[in-house]
Amino acid sequence: MESDNNKNNVSDAHQYDLLPKEDFIVRPELNTAKFADFIFPPSHAKGLNKSRTKSFRGLLPNGKEGEMQLIVRPPEGSKSGTQNTNKVMLALYDIWHERHITDGTCTCSLRDIAERLQIKMNGRVAKMLERELLTLRETILRWNYSWIDEDNNRRKLEPMNILDKFSYEDVVTPNKTFHSRVVFRFNEDIRRNLAASKTKPFNLSELLKIKGEIAAVLYTRLDIILANRDKPYSRTSKNLFDDLQLSGDKDWYRYPSRRKSKLIPIVKAIHGRKLSTGRILLIKLEQTADKKDWKIVAATKGLKGAPVSQKRLLPVVNDSETIMYLGQELGKLLDDYDTHKNLYERFATHYSYDTIYQAMSEHKADGGLQAKSPRRFFTTVLHRLAHQKGKEWIKQCGSHCKYRQPTL
């Protein structure tokens, strides 16, 4: 048993106003983040169609040491989530935070999710996202005193799903274009922790750069373990593959030399990656003292507690129909709706109907349609108006932003 103490590209290249160029920090709920490597193993892990249990020891609510468990039970006739599911979950957490959801129910599109995962939207991607969302809705988790609630108490929860609501439909807009509408809601206990800021920062941009599911899961695991650890962390290859649920009958699991061969590209893929703390991950392979196995040795360098960049959280000011309508109006004005639909709907999400139309009017009056890039010209106008009306810009622009002028 493990000790409780050891814990594609974006289609629109100009969405720099929406996604940070370097660190894209999301803030998943603490428990689902802490056990993400167990809940979401690689897709070729053993027994994804069966219930599995993680056990460890710690102090129970009665003050005595005892066993705690997390049990994952897949949907009937299907498999539990994998690393792809984890990425979709992280995107949903980011959407939830961004839109300041109060009642827990959130509406977005499949394109919103794909944008955060930096993948180009198409029919295949849509089916994949819908499948992963359904997995989050149907996979059952049981927390036997392994759940930390909003008051830092250990609790035993009833069987739960990460999403307790999920629906999806295609909506046809007045101009005959299609818009996917996703409605989701996190489990009530998850929502309580989110409201209480019981979250764990995670560097999604670094995760998306990692090639290979095993490497991605190991990065996720080490991000948790090394977050508040000063000393190096080591784990033998045999125990590590057990941790990652990769034990099986295959030859490369059974022999140290083959486990080493498998680990070499994995270590290479994550060495030097930035963790959510802002520190750099250092990882290497060493032979164990008895020469019977190999082990990973992981540590970090850089300033401990270095600040991580965060996306600015702006409130949603329009309903979904108004957002869609304003996005289409901007597309007509700038004649590139199909290319920049996401950007225009994002503007319409966070800035009022009157502000958008004022920006459109000033854009026309100031010759924006004759500019080299009408879209960038409009973005400048809207940026200036946002500050004039006492609003923040989508991208953090700092107190010295040239568009921050005193209000008359």
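In helix α12, the buried residues are Thr322, Ile323, Met324, Leu326, Gly327, Gln328, Glu329, Leu330, Gly331, Leu333 and Leu334. Buried means under 20% relative accessible area, exposed means over 50%, and partly exposed lies in between, with a 1.4 Å probe and protein chains only. The model is predicted, so local features need pLDDT of at least 70 and side-chain atom pairs count only at pLDDT 80 or more, while totals for chains, interfaces and linings use all residues. Residues are numbered from 1 along each chain as its sequence is written, and side-chain values use heavy atoms, with hydrogens and water left out.

Because 11 of the 15 residues of α12 are buried, this helix is largely enclosed by the rest of the structure. Helices (H or I, at least four residues) and strands (E, at least two) are DSSP runs, numbered from the N terminus. α12 covers residues 320–334, and at 1.5 Å a residue it should span 21 Å; the expected span is 1.5 Å times one less than the number of residues. The end C-alpha atoms of α12 are 21 Å apart, which agrees.

What comes just after α12? Aspartate 335 does, with a positive phi of about 60°. Most residues other than glycine have a negative phi. Aspartate 335 is not a glycine, and it is found in the loop between α12 and α13. With 71% relative accessibility, aspartate 335 counts as exposed. Asparagine 152 is another non-glycine residue with a positive phi, of about 65°. Asparagine 152 lies in the loop between β7 (147–148) and β8 (154–155), and its relative accessible area of 54% makes it exposed.

Two packed helices are described by the angle between their axes and the distance between the axes. The axes of α13 and α15 come within 13 Å and cross at roughly 15°; axes are lines fitted to C-alpha atoms, for helices over the stretch in contact, and angles run from 0 to 180 degrees between N-to-C directions. α13 and α15 are therefore roughly parallel to each other (under 35 degrees; over 145 is roughly antiparallel, 65 to 115 roughly perpendicular and the rest oblique).

A search of the whole structure finds 10 aromatic pairs. Rings of Phe, Tyr and Trp (its six-membered ring) pair if their centres lie within 6.5 Å; planes under 30 degrees apart count as stacked, over 60 as edge-to-face and the rest as tilted. One of the pairs, phenylalanine 347 with phenylalanine 378, is tilted, at 6.2 Å centre to centre and 50° between the planes. Phenylalanine 347 lies in α13 (residues 337–350) and phenylalanine 378 in α15 (residues 374–388), so the pair ties together parts that are 31 residues apart in sequence. Phenylalanine 347 is buried at 0% relative accessibility, and phenylalanine 378 is buried with a relative accessible area of 0%.

The rings of tyrosine 351 and tryptophan 393 are stacked, because their centres are 5.7 Å apart and their planes are at 20°. Tyrosine 351 lies in the loop between α13 and α14 (353–365) and tryptophan 393 in the segment after α15, so this pair ties together parts that are 42 residues apart in sequence. Tyrosine 351 counts as buried at 3% relative accessibility, and tryptophan 393 at 2%. Elsewhere, Phe35, Phe56, Trp143 and Trp147 form one aromatic cluster.
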